[in-house]
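Here is a short report on one protein chain. Keep the sequence and the 3D view open while you read.

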Amino acid sequence: MKLDPSVQQLETEMTAWRRHLHANPELGFEEFETARFVADKLRAWGIETTEGVGRTGVVGTLRGRLGAGRSLGIRADMDALPMTEARPLAHASRTPGRMHGCGHDGHTTMLLGAASALVRSPDFAGTVHFIFQPAEEGRGGALAMLNEGLFERFPCDEVYALHNCERPLGEIAVHRGTVAAAADRFEIVVHGRGGHAAMPHLAINPLPIAARILLAIEALPAASPMCILPQSSPLAACAPAKPSTPSPIRRF
């Protein structure tokens with residue numbers, strides 16, 4: 001993979017940034033240290049930096065030295081997931097129950113790298129806004145930034161973003177139209193009734209009921225008319241069931 005020399009020079013630094021962020025994950029709207037790390041880097045490079053946009057969001061602004069022109073936004077997310085890392089890495093998460101399992105540490109690092117590279121070679125006309133979004137994982141970080149006037153304060157003619165995926169190193173996929181879907185969460189509670197093992201007809205066993213619901217949900221995407229459009233096919237996934245304290249069941 002051929003890289004611009006100005007970017008190639010950043011490889012060692014970017015690796016260190018990514019590993020630092022990976023080892024210190026923070027959940028949505030709790031990215032205080034992450035935001036501070038980002039803001040400190042931007043200011044050190046002479047980039048105009050605004051903190052607290054959407055609570056813990058950060059925006060850096062760089063103007064090219066060739067004068068006025070279009071205004072572009074480049075966006076990355078910063079938050080981690082509420083899960084414990086099991087891999088024995090030297091830079092594994094130091095916080096139990098917190099992990100960068102979706103790659104936002106990499107996204108943040110890439111945007112910092114882009115900012116650093118453009119600072120070194122600002123031979124462009126116009127403005128670039130580096131948008132570091134908090135709380136992408138279901139907590140409404142983008143909406144929080146918008147509600148605080150993100151695009152009124154930092155006007156953008158176009159905004160670019162990406163997400164890592166399991167593709168070969170150096171390969172990037174782009175296409176017109178929808179790329180990623182929004183997610184909705186739901187919870188289904190199945191109420192059972194305890195009873196005697198010899199008289200199951202007098203009890204209500206919630207397990208087969210939950211199993212049938214699960215199978216029906218998993219089959220929904222195939223039954224959707226949207227499946228004729230591959231770029232907008234629905235996806236359904238169910239998390240493990242969590243039983244409540246069961247009623248006593250007497251056994252022989």
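## Overall layout

This is a predicted model. The protein chain has seven helices and five strands. Along the sequence they follow the pattern α-α-α-β-β-β-α-β-α-α-β-α.

The protein chain has 252 residues, and 33% of them count as buried. Take the contacts between residues at least 6 apart in sequence: 69% of these join residues at least 24 apart.

## The nonpolar cores

The largest nonpolar core holds 22 residues. V38, L42, V58, L112, F130 and F132 touch the most other members. Helix 3 gives the most, with five residues.

Leaving out residues up to four places away in sequence, V58 touches A35, V38, A39, L42, T49, T50, F130, I131 and F132.

## Helix 2 against helix 3

Two packed helices are described by the angle between their axes and the distance between the axes. For helix 2 and helix 3, the angle is about 160° and the axes are 11 Å apart. Angles over 145 degrees count as roughly antiparallel, so helix 2 is roughly antiparallel to helix 3. The crossing is right-handed.

On the helix 2 side, the contact uses W17, H20 and L21. On the helix 3 side, it uses T34, F37 and K41. By class, this contact has three nonpolar, two polar and one charged residues.

T34 belongs to helix 3. Is T34 buried or exposed? T34 has a relative accessible area of 3%, so it is buried. Beyond residues up to four places away in sequence, T34 touches L21, N24, E26 and M78.

## Helix 4 and its partners

Helix 4 packs with helix 3 at an angle of about 10°, and the axes are 10 Å apart. These two helices are therefore roughly parallel to each other. F37, V38, K41 and L42 in helix 3 meet T108, L112 and A115 in helix 4. The classes here are five nonpolar, one polar and one charged residues.

Helix 4 also packs with helix 2. Their axes come within 9 Å and cross at roughly 145°. This crossing is right-handed. From helix 2, the contact takes in E13, M14, W17, R18, L21 and H22. From helix 4, it takes in D105, G106, T108, T109, M110, L112, G113 and R120. By class, there are five nonpolar, five polar and four charged residues.

## C102 in its loop

C102 sits in the loop between strand 3 (71–77) and helix 4. Its relative accessibility is 25%, so C102 counts as partly exposed.

Which residues does C102 touch, not counting residues up to four places away in sequence? They are L81, H107, E137, H163 and N164. H163 is 61 residues from C102 along the chain, yet their C-alpha atoms are separated by 9.1 Å.

## Two residues with positive phi

Most residues other than glycine have a negative phi. F29 is not a glycine, but it has a positive phi of about 65°. F29 lies in the loop between helix 2 and helix 3. With a relative accessible area of 12%, F29 is buried.

A135 is not a glycine either, and it has a positive phi of about 50°. A135 is in the loop between strand 4 and helix 5 (141–147). At 1% relative accessibility, A135 counts as buried.

How values were computed:
Residues numbered from 1 in each chain as written. Predicted model: local features only at pLDDT ≥ 70, side-chain atom pairs only at ≥ 80, totals over all residues. Heavy atoms only, no water. Core = buried A, V, L, I, M, F, W, Y, C linked by side-chain atoms within 4.5 Å. Buried < 20%, exposed > 50% of the residue type's maximum accessible area, 1.4 Å probe, protein only. Helix = DSSP H or I, 4+ residues; strand = E, 2+ residues; numbered from the N terminus. Contact = heavy atoms within 4.5 Å. Axes fitted to C-alpha atoms, helices over the stretch in contact; angles between N-to-C directions. Parallel < 35°, antiparallel > 145°, perpendicular 65-115°, else oblique. Left-handed = near helix turned anticlockwise from the far one by under 90°. Nonpolar A, V, L, I, M, F, W, Y, C, P; charged D, E, K, R; others polar.
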